[in-house]
Amino acid sequence: MNFKYDVLVIGGGHAGSEAAAAAANMGAKTCLITMDMNKIGQMSCNPAVGGIAKGQIVREIDALGGQMGIVTDKTAIQFRMLNIGKGPAVWSPRAQCDRGKFIWEWRTILDHTDNLDIWQDQAEELLVENGEAVGVRTIWGAEFFAKSIIITAGTFLNGLMHVGRKMVEGGRCAEPAVHHFTESITRWGITTARMKTGTPVRIDKRSVHFEDMEIQPGDSDFHQFSYMGEHRVLKQLPCWTCYTNNKVHETLKSGLADSPLYNGQIQSTGPRYCPSIETKLVTFPDKDQHPLFLEPEGEDTNEMYLNGFSSSMPMDIQLKALHEIPALKDAKIYRPGYAIEYDYFDPTQLKHSLESKIIKGLFFAGQVNGTTGYEEAGGQGTVAGINAALYCTGNKTFEMQRDESYIGVLIDDLTTKGVDEPYRMFTSRAEYRILLRQDDADARLTEKAYDLGIAKRDRFEWWMQKKEQIDRIIEFCANYPIKKELVNSKLEALGTTPLRAGCKLIDLVARPHLNLQNLAEIIPDLKEVINAPANRKEEITEAAEIRMKYKGYIDRERIIADKMHRLENIKIKGRFNYEELREISTEGRQKLSKINPETLAQASRIPGVSPSDINVMLVLLGR
């Protein structure tokens, strides 16, 4: 074999899989080096994709021609659109997936991707010449050379797992840690630090008393992740909810002395927004209960995931505490929860293209940049794969702005602010949420992706058809006249105020109680228009309706986004007493008081200061 490539990808997780697919689809000769070809795209923690803001990232990956949305739809065993009772800016898709089928769906995609080889091995040494990454050497002595290299090693770099006082080296349960590779990178001046994450106990559903739990069914409507993928091909399963109680809490507290989080065994920082159950007890001592979610791991398995019970407590304490929950009083477990510490690299040493500022041609993506989550990893992997391929040809880098995508927000936060705890995306981190909706990712990104070559012709043509249909619906509503005498009685029946004078149909669409579906029942011409597209008509109708109903908000936010580009050097030092600014988050007040930044731009780069905090200060400065 000839081990010379355009792009090398180290690690076959969510970042690595998207990076390898992206680079290869752009025409770069690519090789993915992974420790286990049978665990490509492994869901190390919860077998779920999406969630608040994370779902938007998956939509963006799909709009860019990536694979996560397609894989998720093919393996979903429950789908829900979160926040559907709120405005569309925060609607967020989420799916529970079959863990095993998810892996094999990814493997199938990569096996059938042109320009892509897969090599099962472990990278041990980064090869650098004249300040440029040129290849890697593996533990078996194979040497691979490439024009660009992407590091997506997840939690494997010097990984150390904890259950109580017991420590075992590993990158994931029953999988070895990667030694020496970190040191081969840091010797060139790239800095590293340690972070911690964790995962909960896995439970045998045959031992669960479901009669003591509340069922949580999924949605049965048209929503899904990919604009191109199949719809609900697997059996749909419910999740279940229950709560901890005082007996559970007392049992867990009795083991705190042996908790690696509190006995000094773990020194690194864990995730603020996905804390262990023992951290919840210490942080919120007055709470009598915490919610737990029992979620299926697959269509055919008895294994279930106990969301909300992440822990590294001693094994016997975990099991004893579980048995204090009525629904889990007889619970049998497959394995206890555990914590894991691992190396990550300071992301402020990266360009917005995710290329290292120190070593040319070296890119980083995923958890090695200090993030958590499959979705954040997949988004970074897509961008790194695109830019690694562009690097090979000397073309201009691909970078997205904060008002263009959640992936753009994510990368800007990482490279500008850095991280001091595992980074997780939320809608609150984006100051232009109404511009970054889950329904319009293709409108923002697909044409750019097609021009780059990552989105293929079928993806582009589907977007053009969708765009044409959306425009047709909006144009029809903007020009269609409504006579009050023909619709007033029907409007009252729909619970909205009758018209005083005639108007255009688009004015009715803007009303809160009305939508294109119920208006179509009283306006036959509209029904004919929204039923015209044969493919995904519900999706198209929803996208058109959102644009009409929220047009004022969308236009206003676009003006603000354009102005924000000119507000980078506003002096703020000495102008605020941050402790008194109750309009911003507690974390924001704490970080601003500690650092006391000179300018608004500097404030925006402080970890924990969100874009919404910056917008509050802009408003106060205006006052």
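Student: What makes Asp 98 a cap for the N-terminal end of helix α4?

Tutor: A side-chain oxygen of Asp 98 lies 3.2 Å from the backbone nitrogen of Gly 100. A polar contact is a pair of N or O atoms within 3.5 Å (within protein, one must be able to donate a hydrogen and the other to accept it, and residues adjacent in sequence count only if both atoms are side-chain atoms), so 3.2 Å is inside the limit. This is a predicted model, where local features need pLDDT of at least 70 and side-chain atom pairs count only at pLDDT 80 or more, while totals for chains, interfaces and linings use all residues. Residues are numbered from 1 along each chain as its sequence is written, and side-chain values use heavy atoms, leaving out hydrogens and water.

Student: How do you know that the span of α4 agrees with its number of residues?

Tutor: Helices are DSSP runs (H or I, at least four residues), numbered from the N terminus. The expected span is 1.5 Å times one less than the number of residues, so the 13 residues of α4 (residues 99–111) should span 18 Å, and the end C-alpha atoms are 19 Å apart, which agrees.

Student: How do you know whether Lys 54 is buried or exposed?

Tutor: Buried means under 20% relative accessible area, exposed over 50%, and partly exposed in between (1.4 Å probe, protein chains only). Lys 54 has 8%, so it is buried. Lys 54 sits in helix α2 (residues 54–63). Leaving out residues up to four places away in sequence, it touches Thr 372, Gly 373, Glu 375, Glu 376 and Arg 424; contact here means heavy atoms within 4.5 Å.

Student: Which residues of α4 are buried?

Tutor: Among them are Phe 102, Ile 103, Trp 106 and Leu 110.

Student: Why is a set of residues called a nonpolar core?

Tutor: The name is for buried Ala, Val, Leu, Ile, Met, Phe, Trp, Tyr and Cys residues joined through side-chain atoms within 4.5 Å. The largest one here has 124 residues, and Leu 126 and Phe 181 touch the most other members. Helix α9 (residues 374–393) gives the largest share, nine residues. Beyond its neighbours within four places in sequence, Leu 126 is in contact with residues including Phe 181, Ile 149 and Trp 188.

Student: What makes up the division of the chain into domains?

Tutor: An automatic or database domain assignment sets the bounds, giving domain 1 (2–443), domain 2 (457–556) and domain 3 (570–621). The C-alpha centres of domain 1 and domain 3 lie 30 Å apart. Twelve residues from domain 1 and eleven residues from domain 3 take part in their contact.

Notes. Helices (H or I, at least four residues) and strands (E, at least two) are DSSP runs, numbered from the N terminus.
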